[in-house]
Amino acid sequence: MKKLFELNPDLDRAALAKEFAVHKRMQVRDILTRETALELRTIMQTQTEWGIALQAGATGKPRNFRPAELKDQAIQQQAMEMGRETDQAAAKGDYAYRALRYSMVEGLQKGWDEDGPYAVLLEHLNAEEFLGFMREITGISELMKADAHASCFAAQHFLGRHNDSHVAEGWRIAYVLNLTIDNWHPDWGGYLTFFDEAGNVEVGFKPQFNTLNLFAVPQDHAVTYVPPFAPKGRYAISGWLRDR
């Protein structure tokens, strides 16, 4: 049986902790062993029942349409209308997003794929190997659990600017484990970008394969628009590390 998740044993944890202490955000290259990173990418490419996640406006209700739901023509129409509303909200500078998504926590709770790879992956993300590593490099000893969802940003997908200000819910660190196709080109968008108070881009993180992006919340950030000519494949496992 192939391994699903294994941290790279050669990571310089002391250097990573020093970098995070200064910037409160960072990229960790080659976070996993290549064998397990490739296995996760294969699962995302070939074994995932993608739904479509949408939200139009900061006060709008987020919705995740599951594949089975979208077989219903009326629900298809709802999803298409909500997709148009995300464009309208973004055009006004309001918060909006759309992307393919598989919620690992909801899937576990509702038994979408009991004992499947995403249930196993969620266990790994909440095991001491990963959480202990996160405590070590962030310096936040209170981190106690991780939630997660799989995402794929395909053509015309984006995540509008926001700051993950859910501190009252225990959010401390946001993370993005990039599992995209090799040689992602800058023109294809999908960059995790951070903004200053004037709206200038301070830094943009490429969705490099087998790279973990993480940052303390709240910080203003977005995922840039993926243009129509980009290949489907901005795959990632994302979520928040919590202290409760």
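Residues are numbered from 1 along each chain as its sequence is written, and side-chain values use heavy atoms, with hydrogens and water left out. Because the model is predicted, local features need pLDDT of at least 70 and side-chain atom pairs count only at pLDDT 80 or more, while totals for chains, interfaces and linings use all residues.

A pocket is an open set with protein on both sides within 12 Å along at least five of seven lines, and lining residues have an atom within 4 Å of a point. Grid points are joined across faces, edges and corners, and a volume is the space filled by probe spheres set on the points. One cavity of 30 Å³ or more is counted under this rule. The largest cavity holds about 40 Å³ of space. Its lining consists of Phe 5, Ile 31, Leu 32, Leu 125, Phe 130, Tyr 175, Leu 177 and Leu 212. In class terms this lining has eight nonpolar residues, no polar and no charged ones; here Ala, Val, Leu, Ile, Met, Phe, Trp, Tyr, Cys and Pro count as nonpolar, Asp, Glu, Lys and Arg as charged, and the others, Gly among them, as polar.

The largest pocket contains about 1,000 Å³ of space. It is lined by 41 residues, of which Tyr 97, Arg 101, His 149, Trp 171 and Trp 240 are the closest to its centre. The lining of the largest pocket comprises 19 nonpolar, 13 polar and nine charged residues.

Ten aromatic pairs are found in the whole structure. Rings of Phe, Tyr and Trp (its six-membered ring) pair if their centres lie within 6.5 Å, with planes under 30 degrees apart counted as stacked, over 60 as edge-to-face and the rest as tilted. The pair of Phe 194 and Phe 215 is edge-to-face because the ring centres are 4.9 Å apart and the planes stand at 85°. This pair links distant parts of the chain, with Phe 194 in strand β9 (residues 192–195) and Phe 215 in strand β11 (residues 211–216), 21 residues apart. Helices (H or I, at least four residues) and strands (E, at least two) are DSSP runs, numbered from the N terminus. Both Phe 194 and Phe 215 are buried, where buried means under 20% relative accessible area, exposed over 50%, and partly exposed in between (1.4 Å probe, protein chains only). One aromatic cluster is formed by Phe 5, Phe 130 and Tyr 175, and these residues are among those lining the largest cavity.

A charge sits over a ring if NZ of Lys or CZ of Arg is within 6 Å of the ring centre and within 35 degrees of the ring normal. The charged end of Arg 41 lies over the ring of Phe 209, 4.2 Å from its centre, and that of Arg 161 over the ring of Phe 195, 5.7 Å from its centre.

Asn 178 belongs to strand β8 (residues 171–178) and is buried, because its relative accessibility is 0%. Beyond residues up to four places away in sequence, Asn 178 is in contact (heavy atoms within 4.5 Å) with residues including Lys 206, Phe 209, Asn 213 and Arg 234. Ser 151, in strand β6 (residues 149–153), is buried because its relative accessibility is 3%. Ala 79 is part of helix α3 (residues 73–91) and is buried at 13% relative accessibility. Its contacts outside four places in sequence are Leu 54, Phe 65 and Leu 70; the C-alpha atoms of Ala 79 and Phe 65 are 7.2 Å apart.

Some backbone features fall in loops. The peptide bond from Val 217 to Pro 218 is cis, with omega near 5°, and Pro 218 is in the loop between β11 and β12 (221–223). Lys 24, a residue other than glycine, has a positive phi near 60° and is located between α1 (13–23) and β1 (25–29). Asp 115, in the loop between α4 (104–110) and α5 (117–125), has a positive phi of about 65° and is exposed, with a relative accessible area of 72%.

How values were computed: On a 1 Å grid over the protein atoms alone, a cavity is a set of points where a 1.4 Å probe fits but cannot get out, and a pocket is an open set with protein on both sides within 12 Å along at least five of seven lines; lining residues have an atom within 4 Å of a point.
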